[in-house]
Amino acid sequence: IDVPSGKIEQIMELARKMELATPVTLPSNNKTFTSRSIAEPMLSDLPINQFLEDSLVHIYRLGQKKTKTLLDIFESTMGATSLRTDSTTPSALPVIRGDLKGSILLRGMAERPTAIIRMQISSGRWETFAFDQLELGAKVEGEDIEIGNFDLKKGGGTLRATGQIQLPDSGELSITLRDFPADILSIVFPNGSVQIGGKFRGELSISGNVSAPAIRGAIEGKQVRIGGNTFDNLKCTLAPAEGGIDLESLTLIQKGSISQIRGVIPYSRTGRMTLKGTLTGHSIALFNLFTSAVEELDGITDGEFSLTGTPEFPILNGRMAIQEGTAHLPAADIHLTHINANATVVNSKVQIHQLNGEWLGVRTPPQTNRMAISGSLDLTKAFADIGSIPMNIVIQPGKFFLSYPGLIQGKVDLRDCAIQGVLSIRRLPSGK
């Protein structure tokens, strides 16, 4: 069966217009659907994860009777392809879009067929990552999927994956990267404001349960760009750990400055972690990957830290100094420059000895304001589901130019100002 070339988004509409000679009944989720349309049952009430797990075994029991017709099998195959790319469908699978063509060869009884799949997606997008071409060759037999080749291509580089998947949640994959663009990190760190560049080479193996896989391998990047900073070399070595990943070494080299992080990262929010590291050069730019609340974070960094406890209740110790730093706070559209900071952390309690700089924003035209603060923050419960951050921040006396129409406009002479109290934080459910 040849899948017609065209936009993936248009294929389901094409299938929806195709009618069967006689109405059919499809059982799923303890419900039945009767329709003349090939696509309608796929969109009615069929979660994608259960569809992929059960369809090759159960979906072909049309009208509670087994069938051998290829058309019936083609319905489910087309439905899987379309649903897999629908961003409105709740699923742990990636959202992939692009120009699709390929073929599906079906063998055996309709109750438990074997499918040979050859697919190619051009000018595609995987979540936020744009790519040139994705080629897939796979054999599906019941709940077993054998991936002969999964080749993701972009800019002359290739990411290849081969292995087996046992639905619904286990498998074994081998991944090889050859001069592959580093912006694939946007899938893991979907902060659209951060520009990522460079290329990666390396090999990874992933096996076991999808919720706690065993990951082993090494990746190396050359001229990796994160925001406005380029690192000469990035090396990462991973190994399996009980309940998590052993980050054997993450090393960043930039013009002779070497930063390194190592330790165990748990999969669970209640798992034990042990991370420690040293940060030099412009390595603070790494934090741009993890948050969109602060953008364009940069500066000459000198620090060290250790992180223990659990992700829910981490225990942070260390020190950090930043010179000539910059940052952008998009929520208030404030640009901070010439930042100089010095802080220490003991058992997640931060003491800001010095933080000064200049800031300019939409509410401060046309003058740049100079600021200086000191004080303390308690991060002990900052990452709990219902978190809190007690604070005592002292703002040093100074003159500020502010522009808030209807409230205040002009120069403000600020004296004896402090921010004290507890900032409450509610953690959003996963995926929000």
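**View 1. Cys-236 and Cys-417, two cysteines of the predicted model.** Cys-236 is buried, at a relative accessible area of 18%. Cys-417 is partly exposed, at 23%. Here buried means under 20% relative accessible area, exposed means over 50%, and partly exposed lies in between (1.4 Å probe, protein chains only). A disulfide is a pair of cysteine sulfur atoms within 2.5 Å. By this rule the count is zero disulfides. This is a predicted model: local features need pLDDT of at least 70, side-chain atom pairs count only at pLDDT 80 or more, and totals for chains, interfaces and linings use all residues. Residues are numbered from 1 along each chain as its sequence is written, and side-chain values use heavy atoms, with hydrogens and water left out.

**View 2. The whole chain.** The chain has five helices and 24 strands. Both are DSSP runs numbered from the N terminus: helices are H or I with at least four residues, strands are E with at least two. Of its 432 residues, 40% count as buried. Contact means heavy atoms within 4.5 Å. Among contacts with a separation of 6 or more, 43% come from residues 24 or more positions apart. The chain exposes about 23,300 Å², and carbon and sulfur atoms supply 55% of that area. Accessible areas come from the Shrake-Rupley method with a 1.4 Å probe; for residues, only the protein chains shown count as cover.

**View 3. Phe-131 and Leu-152 in the largest nonpolar core.** A nonpolar core is a set of buried Ala, Val, Leu, Ile, Met, Phe, Trp, Tyr and Cys residues joined through side-chain atoms within 4.5 Å. The largest one holds 48 residues, and Phe-131 and Leu-152 touch the most other members. In soluble globular proteins, nonpolar side chains tend to be buried together.

View 4. Two strands pair if DSSP finds at least two bridges between them. S14 (residues 257–266) and S15 (residues 274–281) pair in the antiparallel sense over five bridges. Gly-263 stands opposite Leu-275 in S15. S15 also pairs with S16 (residues 295–309), antiparallel, over seven bridges. Here Thr-278 stands opposite Glu-304 in S16.

**View 5. Ser-283, in the loop between S15 and S16.** Ser-283 counts as buried, at 1% relative accessibility. Its side chain reaches the backbone oxygen of Thr-280 at 2.8 Å. Leaving aside neighbours within four places in sequence, Ser-283 is in contact with Phe-231, Leu-252, Ser-259 and Thr-301.

**View 6. Asp-385, in the loop between S20 (369–378) and S21 (386–395).** Asp-385 is partly exposed, with a relative accessible area of 38%. A polar contact of 3.0 Å joins its side chain to that of Arg-269. A polar contact is a pair of N or O atoms within 3.5 Å; within protein, one must be able to donate a hydrogen and the other to accept it, and residues adjacent in sequence count only if both atoms are side-chain atoms. Asp-385 and Phe-313 are 72 residues apart in sequence and 9.9 Å apart in space, C-alpha to C-alpha.

**View 7. Ala-212, in the loop between S10 (196–209) and S11 (214–226).** Ala-212 is partly exposed, at a relative accessible area of 42%. Ala-212 and Gly-244 are 32 residues apart along the chain, with 6.7 Å between their C-alpha atoms.
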